[in-house]
Amino acid sequence: MNKICFCAALFSLLTLSASAQLRINSSNDSPLRKLQYAELAITNLYVDSVDEQKLVEDAIKGMLDKLDPHSSYATPKEVKELNEPLNGNFEGIGVQFNMMDDTLVVIQPVTKGPSEKVGIIAGDRIVSVNDTAIAGVKMSKEEIMKRLRGPKGTTVQLGVVRVGIKDKLNFTVIRDKIPVHSIDATYMIRPGIGYIRIGNFGAQTYDEFVESLNKLQALGMKDLILDLQENGGGYLKAAVDIADEFLERGDMIVYTNGRKVQRTEYKAHGNGKFTKGKVVVLVDGYTASAAEIVTGAIQDQDRGLVVGRRTFGKGLVQRPIDLPDGSMIRLTIAHYYTPSGRCIQKPYTKGGSKDYAMDMVNRLKSGELTNADSVHFADSLKFETLRQHRTVYGGGGIMPDYYVPLDTTVYTRYHRELAAKGIIIQQNLRYVDNHRKELKKRWQSFDDYKQQFEIPQRLLDDVVAEGKKQKIEPKDDDELKRSLAYIRLQLKALIARDIWDMSEYFSVINERSEIVKKALDIIIPEQSSPTRSLSE
């Protein structure tokens, strides 16, 4: 039999095989039949060997790429990595760390976590994992994390270098579940005014939020600043449960509707923990999805005011579809709508994910981030809030009631380049590493630290010197002066984070935030300064 006849016979066999397997749609023009024929032909007849698994994955990705920007495919490994922050835990040794001079430095061990239990402390350098060196070998951060993480109950041998101890220390750590918190900060920002910052909406976010509310109310909180800046979203249920804490019984929180999915409404139960008192929600261009649901519900129900800049504009609902090998498709099945009926999804072209991804760059170029007047909505996108009938907008994110432009004088080119190279964080790590004991001894009270601590000039000099070493220099003295003013604040906040935690970091950094200042002006009117209100 010659090669042509052999190929024809093989293709006939493949056709019969495919016909036997495909029972879903027996029509000859079925798209599914066509797709499987193509895959079978390539796998069995193509001149070179092919990776069948990758072939199928590429086909799935190709189909999804032609849909909206949020329908996506994830491999089993990617699914696990994506779910960890939202599920509220991962399994590992329990340390916060950063890399300094190619060495892992422990910032803080997780309280009551496996590393703290065996005696690992802040400032320790983990130099080996199971007798494999991880310091001084140019190992990536991802590879180091892979070696430190592992199933609960498994053991890992850590080699540790500690300042003041001559010999290397060895610890046997039993891995355990490590909580991942989605509440970044909780503290009293002013007498009677609480501040809560939510990083994402995960499985444990609601419980953490209630705990934060209880803590602040015990400290005398009457009004609340809810910070959702840079919150990319997460679980719908977490967003609904948190919005429920602010609203009256029967108040609409959000509803969803799609071509194949019936309308589903989510309403407040009326037993929330914070239905009285002023609420101000902080947002920016990276506030998205579930965070926009909470923001939209509070704004539409006139429960509070929104301050900041226009949100991201993600009003699409994805359903996770688990595949047999552990991979997953996240398929858009519906739109979500705020209580006034607005869909805040910003415009997109099917298959145009690259243009969609450039939206924030385009906002900067158009001047929107520095001037609210550059934002224009069509009359068809105007809606009214449900109680006070204020004008709000749909079809492009949530527009705040009070727009606070980006202060471009603070974030100079010089500062951006220093930050991008990691110079500010690295110099902070060195300073804390060298002065940890004296800092903790001198500043036992955070309030005293916040009021009195000043960044040493030599630390600022080190930042400037390292920048110069890496060919990063200010264009003139004015840029240097403006940059150092913010770098000084940033370093003070980073030191507070390393000595205490993230609440203390935000307590320092928020004092220079114009968005936070405007929120305080709204809650404390006598301190108010004129700022353009979109509801006026």
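This is a predicted model: local features need pLDDT of at least 70, side-chain atom pairs count only at pLDDT 80 or more; totals for chains, interfaces and linings use all residues.
Q: Is R390 buried or exposed?
A: R390 counts as buried because its relative accessible area is 9%, and the cut-off for buried is under 20%.

Q: Which side chain does the side chain of R390 make a polar contact with?
A: That would be D302, with a polar contact between the two side chains at 3.0 Å.

Q: And how are the C-alpha atoms of R390 and D401 separated?
A: By 9.4 Å, with the two residues eleven apart along the chain.

Q: Thanks! Switching to β5: how many of its residues are buried?
A: Five of the five residues in β5 (residues 125-129) are buried, so the strand is mostly covered.

Q: Which strands does β5 pair with?
A: β5 pairs with strand β4 (residues 103-109) over two bridges, with strand β7 (residues 155-161) over four bridges, and with strand β6 (residues 132-133) over two bridges. The pairing with β4 is antiparallel, as is the one with β7 and the one with β6.

Q: What stands opposite I126?
A: L104 stands opposite I126, and in β7 the bridge partner of I126 is V160.

Q: What about S128, which residue is its bridge partner in β6?
A: For S128, the partner in β6 is A133.

Q: Nice. How many residues lie between β5 and β6 in their hairpin?
A: Two residues lie between them, and N130 in the turn has a positive phi of about 50°.

Conventions: Residues are numbered from 1 along each chain as its sequence is written. Side-chain values use heavy atoms; hydrogens and water are left out. Buried means under 20% relative accessible area, exposed over 50%, partly exposed in between (1.4 Å probe, protein chains only). A polar contact is a pair of N or O atoms within 3.5 Å; within protein, one must be able to donate a hydrogen and the other to accept it, and residues adjacent in sequence count only if both atoms are side-chain atoms. Two strands pair if DSSP finds at least two bridges between them.
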